[in-house]
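Q: Please take a close look at one part of this structure and walk me through it. I would like to know how it is built and what lies around it.

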Amino acid sequence: MPEKVLSIGAGKHQTPLIKAIRDSGYLAVAVDIDPQADGVKYADIFYPVSIFNRAEVIKCARQVKTDAVITASSLLGAGKTVSAVAQSLGLKGPSAKAITNSTNKLKLKSALLANGIPTPRFGELSSDALNQPEFPVLLKPVSGVGGENIKYFKKPENIRKQSWDTACFWEEYLEGEGISLYGLVGDEVCQCILAANKKHSGPPDFTRHELTPIPFRRKYQDLFQKIVKVLGINFGPFFQIDCLKRGGELYVIDVGIEIDPQIAGLLNSEFQRNIYREMIKLAL
Ligand SMILES: Nc1ncnc2c1ncn2[C@@H]1O[C@H](COP(=O)(O)OP(=O)(O)OP(=O)(O)O)[C@@H](O)[C@H]1O
Ligand SMILES: [Mg+2]
């Protein structure tokens, strides 16, 4: 009986992953609230269950006796479900610490700061914050994704006019070149495999970006390894780091335990398939 690999989600982001599970000779199992989702037709076993219903997903995982659990994009919080399933069934997956540091930007930036890794200045929203001098600043949701609800402020007065809540923090706005690093993290593997220029639409709308691969440098691998270590990223299997380059220094903005569908789309199809295959091997 081939080993079973459970995909958290069967939408368009997970479809190439589900295909890769099958093409690698494993049984593809998938959960998704939508029985019409793109990837369902490629799954050998499918459960119409929401990826947010973690208790139910864990039940399915136990019932099918899956050998591995994995996802592609964690935009919807699929990463947390992977971690919960992995912990419940004793499978490989990101630890709770890895999930916290990659989904809570305040925790992430505090860990970077404590370990001497450059990151734009930041703080919690308090009355003190309103007097801090680093304008322009961005107000960001602590657990934001997809650039949504990032607000740009040139002057303190404008912040005062806004109604903001405690789930946001401020961050110094840095002009710079976006550089993102992508790689694999698993048992005994910590390899940055790709660097790209990430060009954002900028203020006021941070929801769109363009990626262009750039030549690889040794220092990207060094930074990738260092960040994996200080954040306690025990496992990805895919991991990405967004930086801004200014004055020859790379400032870390954000990290994610996910394969950005846009970066996957940039790779030639053979390279893309190989990455998904490697991710599956690491998860088993
Ligand atoms: N402090 C900053 N100064 C300048 N630009 C920034 C800053 N923070 C973020 N940006 C720009 O906005 C983008 C999105 O920021 P961030 O990663 O924090 O948000 P997100 O919601 O996780 O978005 P995404 O899903 O695109 O990563 C960054 O890639 C960068 O181009
Ligand atoms: Mg981000």
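**A sheet and its surroundings**

A: Start with one pair of residues: Leu 181 has Ala 195 as its bridge partner in strand S10. Strands here are DSSP runs of E with at least two residues, helices are runs of H or I with at least four, and both are numbered from the N terminus. This is a predicted model; local features need pLDDT of at least 70, side-chain atom pairs count only at pLDDT 80 or more, and totals for chains, interfaces and linings use all residues. Residues are numbered from 1 along each chain as its sequence is written, while chains are lettered from A and ligands numbered from 1 in the order in which they are written.

S9 and S10 run antiparallel, joined by 8 bridges. Two strands count as paired if DSSP finds at least two bridges between them. S9 and S10 make a hairpin, with 2 residues between the strands. In the turn, Glu 188 has a positive phi of about 60°. Why is that worth a look? Most residues other than glycine have a negative phi.

On to the next neighbour. S10 also pairs with S11, antiparallel, over 5 bridges. Here Asn 197 faces Thr 212 of S11.

Now step back to the whole sheet. It is open and has 5 strands, in the order S11-S10-S9-S12-S13, with antiparallel pairing. At the edges are S11 (209-213) and S13, each pairing on one side only. From one strand to the next, the twist averages 35°. Such angles run from 0 to 180 degrees between N-to-C directions; the axes are lines fitted to C-alpha atoms, for helices over the stretch in contact. In a regular strand, the side chains alternate between the two faces of the sheet.

What packs on this sheet? Helix H9 (residues 269-283) does, touching S9 (177-186), S10 and S12. The direction of H9 makes about 45° with that of S9. Residues are in contact if their C-beta atoms, placed from the backbone, lie within 7 Å.

Look at the loop between helix H7 (218-230) and S12, where Pro 237 is found. A cis peptide bond joins Gly 236 to Pro 237, with omega of about 0°. Most peptide bonds are trans.

The protein chain is split into domain 1 (4-92), domain 2 (98-117 + 175-273) and domain 3 (122-172). These bounds come from an automatic or database domain assignment. Between domain 2 and domain 3, 9 residues of domain 2 contact 11 residues of domain 3. On the domain 2 side, helix H5 (residues 105-114) gives the most, with 3 residues. By class, that side has 4 nonpolar, 3 polar and 2 charged residues. Nonpolar means Ala, Val, Leu, Ile, Met, Phe, Trp, Tyr, Cys and Pro; charged means Asp, Glu, Lys and Arg; the others, Gly among them, are polar.

There is another open sheet, with 4 strands in the order S5-S8-S6-S7 and antiparallel pairing. Neighbouring strands are turned by 25° against each other on average, direction ignored. Leu 138 stands opposite Tyr 152 in S7. Leu 138 also stands opposite Glu 171 in S8. In the loop between S6 and S7 (151-153) lies Asn 149. Asn 149 is not a glycine, yet has a positive phi of about 65°.

A residue is near a molecule or strand if its C-beta atom, placed from the backbone, lies within 6 Å of it. Of the 21 residues around ligand 1, Pro 120, Gly 144, Gly 147, His 200 and Asp 254 come nearest. Strands S6 (137-141), S8 (168-172), S10 (189-200), S12 (238-246) and S13 (249-256) each supply at least two residues of the shell. The shell holds 9 nonpolar, 6 polar and 6 charged residues.

Finish with the whole protein chain, which has 9 helices and 13 strands.

Technical notes
Two residues are in contact if their C-beta atoms, placed from the backbone, lie within 7 Å.
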